Amino acid sequence: MKINSLLAVILLLASCSGKELGPDEYTRWVENKNNGCISEKSIGGMQFTAMHKPLEYVVLKECGGNMSLFDSLKGDFEGMEYYTIKMRAESQNKDVLLHNIGSEQEYYERINYYTTNAQHDVYLVEAGDTIYCELYHYERSYGVSPYNSMLLGFKTRPGNRDKPAKLCFNETVFNTGLLLFNFDKNNLPTLTIN
Amino acid sequence: MAKPDKKTWLIAGAVLLVAAGCFLMYQKLHLKAAYVDQVQLFNAFRLKKVLETEYQKVENLRKQQSDSMALGISLMQQQARGPQQLGYVQQQKEYLAYKQNEFAEMNEQLKMQYNEQIRKQLNQYIKDYALKNKVDFLLGSTGEGDVLFAAERFDVTKELIHYVNTRFEGENK
């Protein structure tokens with residue numbers, strides 16, 4: 001009887017710590033700054049927010065609530081690790097690329113850099129491997145939001161996907177320099193879909 | 001044992017009030033100060049080491065390029081015959097001088113760019129450290145008399161070096 005009770009308690013504890021979350025809870029968990037998927041740096045008036053987006057999170061966002069698409073979309077997105085770097089100037093609420101701008105030409109040079117060249121200044125260090133960015137998209141806000149984002153995809157080894165990773169961005173437009181963001185990735189919850 | 005009377009309670013309350021007041025005054029008036037060896041901090045900052053290595057690589061590549069141009073010109077000079085060839089050698093020498101100047105300027109620019117990056121990140125982490133540890137004054141010493149004397153217990157150099165490097169390596173505040 002005693003052993004049975006003990007087993008019941010252990011099972012109860014295990015089910016609580018296993019962190020199985022439904023789609024909405026899962027999304028909220030990833031977006032919660034305290035859970036380790038978001039890392040921030042504020043340097044010299046610029047704020048950089050890096051986010052590790054687990055595969056399930058990316059697929060959930062793509063599904064847009066239609067869970068029947070989940071499996072096929074998961075197949076499409078598998079094989080890569082996804083991250084986002086958002087940036088904004090703390091002193092202004094307009095387009096970040098206008099921060100400390102000298103001329104109109106400089107603005108277009110900045111856009112050109114972020115849309116075409118910044119990809120080469122971002123890399124991921126994971127389990128001793130340096131992985132360069134293979135999927136890159138620069139998302140402009142056109143002044144609607146102070147944030148501009150870089151959406152990043154890295155082809156990593158399947159065995160390393162739950163290992164700690166360091167996202168490195170050599171930021172040169174605002175001359176902030178090398179920015180490093182750590183992600184533990186070892187406490188991700190499991191997504192449950194009914 | 002007799003129960004404390006009203007007077008005793010009043011005295012105890014007054015003592016407590018005075019103690020709380022003293023504590024609040026102490027908190028308000030007590031300023032926390034610390035000092036740091038700036039040279040040691042700067043040299044131990046990991047970004048500085050990373051960029052120093054990067055700078056050395058670029059400088060060496062440019063030097064190799066200008067050295068190999070100089071060697072080529074000196075060989076050309078030894079083999080040059082007639083005014084046309086000597087004129088060409090002269091042109092190449094001028095071009096080399098132009099390139100060497102350009103490299104020197106580019107090296108200087110790169111050094112400035114890297115120094116700014118180090119300064120920006122270091123200043124931010126120092127500020128974050130002071131705010132986190134509620135330090136009111138953080139004095140920087142270069143060992144040249146800017147801080148005439150400070151007791152060793154106020155020296156936070158090692159702690160700050162550890163903090164700035166962990167922050168640089170990607171740890172959150």
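Among contacts in chain A between residues at least 6 apart in sequence, 62% join residues at least 24 apart; two residues are in contact if their C-beta atoms, placed from the backbone, lie within 7 Å. Welcome to this predicted model, in which local features need pLDDT of at least 70, side-chain atom pairs count only at pLDDT 80 or more, and totals for chains, interfaces and linings use all residues. Residues are numbered from 1 along each chain as its sequence is written, while chains are lettered from A and ligands numbered from 1 in the order in which they are written.

**Chain A overall**

Chain A has 5 helices and 10 strands. Helices (H or I, at least four residues) and strands (E, at least two) are DSSP runs, numbered from the N terminus. The C-alpha trace of chain A spans about 80 × 35 × 30 Å along its principal axes. Of its 194 residues, 28% count as buried, that is, with 20 or more other C-beta atoms within 10 Å of their own; exposed residues have 12 or fewer, partly exposed ones fall in between, and C-beta atoms are placed from the backbone.

**The sheet**

Let us turn to the strands. In chain A, 8 strands make up an open, antiparallel sheet in the order 2-3-4-7-6-5-8-9. Strand 2 (38-43) and strand 9 (177-183) of chain A are at the edges with a single partner strand each, so one side of each has no neighbour in the sheet. From one strand to the next, the twist averages 25°. Two strands pair if DSSP finds at least two bridges between them; strand 6 (residues 129-139) and strand 7 (residues 148-154) of chain A run antiparallel and are joined by 6 bridges. Tyr138(A) is opposite Met150(A) in strand 7 of chain A.

Axes are lines fitted to C-alpha atoms, for helices over the stretch in contact, and angles run from 0 to 180 degrees between N-to-C directions.

**A residue in helix 4 of chain A**

Asp76(A) belongs to helix 4 (residues 70-77) of chain A. Asp76(A) counts as exposed because it has 11 C-beta neighbours inside 10 Å. Its C-alpha atom is 9.1 Å from that of Val59(A), 17 residues apart along the chain.

**Confidence**

The predictor's confidence in each residue is pLDDT, from 0 to 100. In chain B, 99% of residues reach 70 or more. The complex has an ipTM of 0.78 and a pTM of 0.81.

| Part of the model | Mean pLDDT |
|---|---|
| Chain B | 91 |
| Helix 1 (residues 6-29) of chain B, lowest among its elements | 87 |
| Helix 5 (residues 157-168) of chain B, highest among its elements | 96 |
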